[in-house]
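Colleague: I have a new model open and would like to talk it through with you. Could you take me along the chain and then through the contacts?

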Amino acid sequence: SFSSNTTSTLDSSSSTTGTSTSIESPQARTNTAIMDRLYDIAKPEMKLIIASAATLGVTSSITLLLPYACGHVLDMAMLEAAGSSQDDAFSPFLVAFGLFGLTGTAGIGVYARSLMLNIAGNRIVSRMRR
C-alpha cells in the first residue's frame, strides 16, 4: 500500500499544468516557517547555546588527548622500569595528578554543558508555550 500511495503522489505531483519548473511543496514552506519561528524563539538563548558548543569543543579535545597522554605515561613507565630513562624528572604522582585533572576538567565541562542546555531548553519551551 505504501508503494501505491507513493506512486500516486508522484504521478499527481508530476502532472503539473503550469510552466513553473521549481515546485515548492506546502510541507517545505511549513517546515521553513517552523524553523524560522524556532530560531526566533531560541535567539535570546544564543549565548548559552554557543557557550555549550564551546564546552563541547573543550571536552572533546580533552577526550581525544587522554589516550595520547596515557600512551606517553606508559612509555615513560616502561623506560623507567628498564632503567634506560632519559628523563630523571618522571614523577608518577605528578603524571597521575595531571591525568586526573584532565579527566576532572572534562567532567566539569560535560556537567556545565548539560546545565546550560537544560536552562536554554527550559526557557525556549517556556517561550513557546506563551
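Colleague: In what order do the elements run from the N terminus on?

Modeller: From the N terminus on, the order is α-α-α-α, and the secondary structure comes to four helices and zero strands, where helices (H or I, at least four residues) and strands (E, at least two) are DSSP runs numbered from the N terminus. Please keep in mind that this is a predicted model, in which local features need pLDDT of at least 70 and side-chain atom pairs count only at pLDDT 80 or more, while totals for chains, interfaces and linings use all residues. Residues are numbered from 1 along each chain as its sequence is written, and side-chain values use heavy atoms, with hydrogens and water left out.

Colleague: How are α3 and α4 placed relative to each other, roughly parallel or roughly antiparallel?

Modeller: Helix α3 (residues 46-82) packs against α4 at an angle of about 160°, and their axes are 9 Å apart; the axes are lines fitted to C-alpha atoms, for helices over the stretch in contact, and the angles run from 0 to 180 degrees between N-to-C directions. The two helices are therefore roughly antiparallel, given that angles under 35 degrees count as roughly parallel, over 145 as roughly antiparallel, 65 to 115 as roughly perpendicular and the rest as oblique.

Colleague: Changing topic, how many salt bridges does the structure hold?

Modeller: The structure holds two salt bridges, each defined as a side-chain nitrogen of Lys or Arg within 4 Å of a carboxyl oxygen of Asp or Glu. Glutamate 45 pairs with arginine 123, with the closest N and O atoms 3.2 Å apart. Because glutamate 45 lies in the loop between α2 and α3 and arginine 123 in helix α4, that pair ties together parts that are 78 residues apart in sequence.

Colleague: What about the other one?

Modeller: Glutamate 45 also meets arginine 127 in a salt bridge, at 2.5 Å from N to O, and this pair ties together parts that are 82 residues apart in sequence.

Colleague: Last one: which residues form the nonpolar patch on the surface?

Modeller: Met35, Leu38 and Met128 form the patch, with about 280 Å² of accessible area together, the areas coming from the Shrake-Rupley method with a 1.4 Å probe and, for residues, only the protein chains shown counting as cover. Patches are made of residues with over 30% relative accessible area and no salt bridge, like charges being joined within 9 Å and nonpolar side chains (Val, Leu, Ile, Met, Phe, Trp, Tyr) within 5 Å. Methionine 35 lies in helix α2 (residues 26-42) and is exposed, with a relative accessible area of 53%.

Technical notes
Buried means under 20% relative accessible area, exposed over 50%, partly exposed in between (1.4 Å probe, protein chains only).
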